[in-house]
Amino acid sequence: MPDIAVSQTSVVQCFHCGEDCDEKIIVAHEKKFCCEGCKMVFEILNKTGMCDYYTISDNPGTNQRIKIREDKFAFLDDQKIQNALLSFTNDSETHVNFYLPQMHCSSCLWLLENLHRLNEHVIGSKVNFERKEADIVFDHRKVSMREVAELLTSIGYEPYISFKDLKQQRPSLNMSKIYKLGVAGFCFANIMLFSFPEYLGIDSQELFLQGTFRYMNVILSLPVFFYSSSEFYISAWKSLRHRFLNIDAPIFLAVVVAFGRSLFEVFSGTGAGYFDSMTGIVFFMLIGRVLQDKTYQQLSFERDYTAYFPIAVTRIKNDQSESVALPDIVLDDTLLIHHQELIPADGILTRGKALIDYSFVTGESVPVEKEMGEIVYAGGKQIGSNIELLVIKEVAQSYLTKLWNRSEFQRDKNDDERSFVHLLSRYFTWILFAIALSAAIYWWVIDPTKIGHVVTSVLIVACPCSLLLSNTYTNGNILRRLGRNQFYLRNAQTIEDIANINYIVFDKTGTLTTGRYQDINYEGEILSDSIKRKIAVLASHSTHPMSKAITIWAKQSDSKNLQVVDFNEIPGKGIEGTVEGEHLKLGSAFFVNKTEQGGVLDSAVFVSVNGTVLGRFSFRNHYRAQVPKIMKRLRKLGYPISILSGDNAGEKEYLENLLGKDTPILFHQRPEDKLEAIKMIQASGKKVMMVGDGLNDAGALKQADVGIAITENTATFTPASDVILEASMLPRFHQFLHLCKANKVLVWTAFIVSILYNIVGESFAVSGHLSPMVAAILMPASSLTILLISFGASNLLSWKMGLK
Amino acid sequence: MSVIIILLLASISVAALFLVAFLWSVKTGQYDDEMSPPMRMLLDSVPAKESTDPAKVESL
């Protein structure tokens with residue numbers, strides 16, 4: 001097509017946001033901008049001499065094409081909401097923490113920390129880049145919180161304030177493991193140093209020095225025994241109370257035995273004890289735990305609907321509009337919902353024409369039109385003009401939010417007790433006891449005085465710490481590898497859960513499809529260019545998304561200015577109008593006087609000219625490019641696949657072609673239906689993975705053994721899940737599954753190697769020759785080997801797959 | 001011989017000093033955000049007005 005070639009030559013990047021200026025270019029101050037919004041941000045910064053913003057990184061801004069409503073932050077004038085948001089206040093300054101999802105580069109950081117130059121009453125601001133948050137200190141006597149929020153919005157960083165902020169503060173990071181690790185590292189290193197005379201032998205004249213070193217070791221081991229190891233005691237105690245023996249129980253035993261025997265040796269003057277081995281193993285195990293517990297601060301795996309809902313909406317009372325916080329909405333309130341605003345509670349439409357986008361909450365791909373008097377459910381986004389609602393159910397009781405009151409949402413998966421490592425450690429412990437017992441019997445016959453020595457040696461050397469090390473190091477490394485590829489796991493247990501999956505369920509809207517555009521297909525008589533042009537002009541008069549799609553499809557390069565007369569839009573039916581003397585109709589079959597039903601597709605638009613039907617447009621959601629390939633690969637790997645969609649059955653045929661006739665594909669699934677469907681599959685003994693994106697999948701994601709939330713951008717809302725996956729990485733999905741499966745093999749390999757070390761150590765222990773020096777060599781050697789195996793092998797594997 | 005004891009005490013107190021420094025750095029939140037400080041140090045900035053550090057107030 002020649003018209004494309006023309007536009008290709010003149011792609012201009014916006015100076016502010018770096019996006020292509022496709023429609024019209026705005027030139028100001030010798031810079032080019034894609035929209036008024038971008039230009040305005042530039043002007044604000046230019047006026048205060050803050051154009052450094054643009055020199056730190058290229059095109060640092062975010063697109064400002066979507067205008068933000070002027071009184072959007074009016075709710076911040078409400079004292080109650082203010083009190084919920086602020087973190088500190090006294091009589092001269094207030095501290096508030098805003099989540100700014102647009103933050104992405106060093107320019108953002110610079111600008112946000114220089115807010116005081118834009119408004120002198122802002123005292124200071126500090127950015128936490130990982131969490132995309134800014135702590136802002138301002139003088140509340142001179143500038144209000146609303147003005148601060150509006151200032152941020154005016155420079156392109158709109159604070160994201162949700163209903164959730166009203167309820168609780170974010171929990172602070174738990175750093176206790178790091179403290180424990182620091183203490184253990186300090187004690188371990190010094191004990192190693194003081195143990196050198198023991199390893200190398202000490203002159204008989206300097207026995208005093210030997211004693212000093214030993215007592216120093218006793219002192220240094222105390223913080224490790226009582227503080228650093230408490231991690232393992234607590235976990236062992238917790239699991240014992242649930243009548244479960246986890247891996248920390250035998251480790252607890254080994255640490256206590258090693259400590260007790262070492263104390264005995266030192267105080268009785270018979271030896272130096274095993275303080276070096278004991279503290280070393282605690283130190284290495286803590287490193288493993290810290291690596292494995294790596295969290296993604298910028299992500300939240302626990303979000304419920306409250307993070308998606310706004311903090312306040314506009315209520316109309318006695319013809320006056322006022323902001324009202326969500327929990328304060330009561331029955332029979334009248335709410336005013338603006339363009340692009342979320343409907344917070346179920347209600348009856350009392351004014352205006354509603355066009356509601358439910359794609360995120362129900363999975364319906366096409367916005368729903370509602371007439372006055374109809375019920376509008378919470379969760380949808382209004383598109384178009386303002387509407388008014390009469391509330392018939394409070395926020396917590398509405399159709400959507402009821403889902404979170406179900407029992408499935410109350411219980412938590414018990415993450416600690418599912419791992420195969422615990423089972424393995426139990427066998428290991430029994431074998432260990434058997435060895436200790438037989439060694440005891442043997443030495444009882446030969447030399448009863450050595451029993452205590454041998455038995456304790458056996459228990460010290462062969463504690464399952466190598467298993468714990470191989471598990472935590474491999475898990476930690478795989479977690480980081482996957483995270484680098486935008487596949488973020490909630491915790492290490494999830495790796496194992498993914499490996500055990502044998503059934504995959506996909507949501508359709510937003511997961512397999514993208515919401516950005518729709519594919520359009522025309523069937524019927526061939527349309528001439530002049531007819532197409534007329535259709536485009538007619539359709540451009542309507543804001544309905546289908547009309548917009550038709551406009552783009554039918555648009556001609558040489559669009560003349562055609563006039564539409566007698567334009568008429570009947571909501572839910574269609575549009576009609578006269579263009580150059582010809583009467584055109586676009587709409588449902590009934591609307592264009594077509595009696596015979598052409599197909600069951602809900603989303604079909606017929607076109608008629610002067611009463612004769614020419615053909616119909618059908619719409620299909622735009623599937624992500626890689627979907628057929630992914631499905632093929634997953635089926636090849638032997639995973640049965642199902643699809644649960646909240647949408648209509650319009651695309652059944654297409655999906656069947658894609659997945660084969662035997663794939664269960666269910667349509668019209670409400671959130672509860674999805675949850676029940678997952679339960680049904682689980683009842684047949686399958687381990688189910690659910691891949692979804694919206695609030696409507698929240699129940700299914702929670703119920704499934706592994707819930708994966710897909711998102712276009714990790715800064716936006718995702719429902720509670722075990723994994724967050726960036727949509728662009730979906731083509732690599734099968735590789736992620738593969739890597740998780742390999743995890744188990746790696747842990748096993750490292751474990752078997754450590755068993756070999758154990759056999760060597762045991763032979764020393766059983767024969768009664770375990771000297772501190774042998775223990776001190778074996779222990780770091782085995783830890784190091786495990787480290788090399790787990791890091792080396794998992795890195796090699798992901799490198800082979802071409803993962804980052 | 002006593003010189004070894006002195007050395008021993010000296011070495012352990014230096015090590016303890018580093019331990020305390022490490023614990024202090026964790027406590028004051030220096031590991032909370034590992035991304036912004038490296039960026040911040042490369043930016044030339046006009047010093048802000050004297051203010052209470054938000055991080056400090058929170059930990060009070």
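This report describes a helix pair and a strand in chain A of a predicted model.

In this model, local features need pLDDT of at least 70 and side-chain atom pairs count only at pLDDT 80 or more, while totals for chains, interfaces and linings use all residues. Residues are numbered from 1 along each chain as its sequence is written, chains are lettered from A and ligands numbered from 1 in the order in which they are written, and side-chain values use heavy atoms, with hydrogens and water left out.

**The helix pair**

Helix H18 (residues 529–539) of chain A packs with helix H19 (residues 545–554) of chain A at an angle of about 150°, the axes being 8 Å apart. H18(A) is therefore roughly antiparallel to H19(A) (angles over 145 degrees count as such). In the contact (heavy atoms within 4.5 Å), A:Lys532, A:Arg533, A:Ile535, A:Ala536 and A:Ala539 of H18(A) meet A:Ser547, A:Ile550, A:Thr551, A:Trp553 and A:Ala554 of H19(A). Sorted by class, this contact of H18(A) with H19(A) holds 6 nonpolar, 2 polar and 2 charged residues.

**The strand**

Strand E17 (residues 503–507) of chain A is mostly covered, with 5 of its 5 residues buried (under 20% relative accessible area, with a 1.4 Å probe and protein chains only). From E17(A), A:Tyr503, A:Val505 and A:Asp507 point one way, whereas A:Ile504 and A:Phe506 point the other way.

Note on methods. Axes fitted to C-alpha atoms, helices over the stretch in contact; angles between N-to-C directions. Helix = DSSP H or I, 4+ residues; strand = E, 2+ residues; numbered from the N terminus. Parallel < 35°, antiparallel > 145°, perpendicular 65-115°, else oblique. Nonpolar A, V, L, I, M, F, W, Y, C, P; charged D, E, K, R; others polar. Buried < 20%, exposed > 50% of the residue type's maximum accessible area, 1.4 Å probe, protein only.
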